[in-house]
Amino acid sequence: MNREQFYKSNKWETFRKIIIEERTDADGFIHCAICGKPILKKYDLIVHHKQELDDLNVDDVSISLNPDNVECICFRCHNE
């Protein structure tokens, strides 16, 4: 599987939903791991791999589906 296929897979979608549920606070917000601001819109939320995925490591679940290797960040911080 390549990286593009991975991000369209059910495995990633399920993992992403779990991460979002686990990292939502009691008030219903997820705060950006970089700037600390609450992410108010769904489309601004990015579940970002700290160790970047590539076609060589995408099948390694210790990287691609490891909760310690992802952070929730806002679109603005992701693009900076």
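Which residues line the second largest pocket?

A: This is a predicted model, in which local features need pLDDT of at least 70 and side-chain atom pairs count only at pLDDT 80 or more, while totals for chains, interfaces and linings use all residues. Residues are numbered from 1 along each chain as its sequence is written, and side-chain values use heavy atoms, with hydrogens and water left out.

The second largest pocket is lined by Arg 3, Tyr 7, Ile 46, Val 47, His 48, His 49, Lys 50, Glu 52, Leu 53 and His 78. A pocket here is an open set of points on a 1 Å grid over the protein atoms alone, where a 1.4 Å probe fits and protein lies on both sides within 12 Å along at least five of seven lines; a lining residue has an atom within 4 Å of a point. About 160 Å³ of space lies in this pocket, a volume being the space filled by probe spheres set on the points, with grid points joined across faces, edges and corners. Two elements, helix H1 (3-7) and strand E1, each give two or more residues to the lining, and E1 gives the most, with four residues. Helices (H or I, at least four residues) and strands (E, at least two) are DSSP runs numbered from the N terminus. By class, the lining divides into four nonpolar, three polar and three charged residues, where Ala, Val, Leu, Ile, Met, Phe, Trp, Tyr, Cys and Pro count as nonpolar, Asp, Glu, Lys and Arg as charged, and the others, Gly among them, as polar.

From the lining one can follow E1 to its partner strand. E1 (residues 45-49) and E2 pair in the antiparallel sense over five bridges, and two strands are said to pair if DSSP finds at least two bridges between them. Val 47, one of the lining residues, has Cys 72 as its bridge partner in E2. Strand E2 (residues 70-74) is mostly covered, with five of its five residues buried; buried means under 20% relative accessible area, exposed over 50% and partly exposed in between, with a 1.4 Å probe and protein chains only. Val 70, Cys 72 and Cys 74 point one way from E2, whereas Glu 71 and Ile 73 point the other way. In a regular strand the side chains alternate between the two faces of the sheet.

A search of the whole structure finds four aromatic pairs, counted when rings of Phe, Tyr and Trp (its six-membered ring) have centres within 6.5 Å, with planes under 30 degrees apart called stacked, over 60 edge-to-face and the rest tilted. Phe 6 and Tyr 7 form an edge-to-face pair, at 5.4 Å centre to centre and 70 degrees between the planes. Phe 6 is buried, with a relative accessible area of 1%, whereas Tyr 7, at 31% relative accessibility, counts as partly exposed. Phe 6 also forms a tilted pair with Trp 12, at 5.5 Å centre to centre and 50 degrees between the planes, and Trp 12 counts as buried at 4% relative accessibility.
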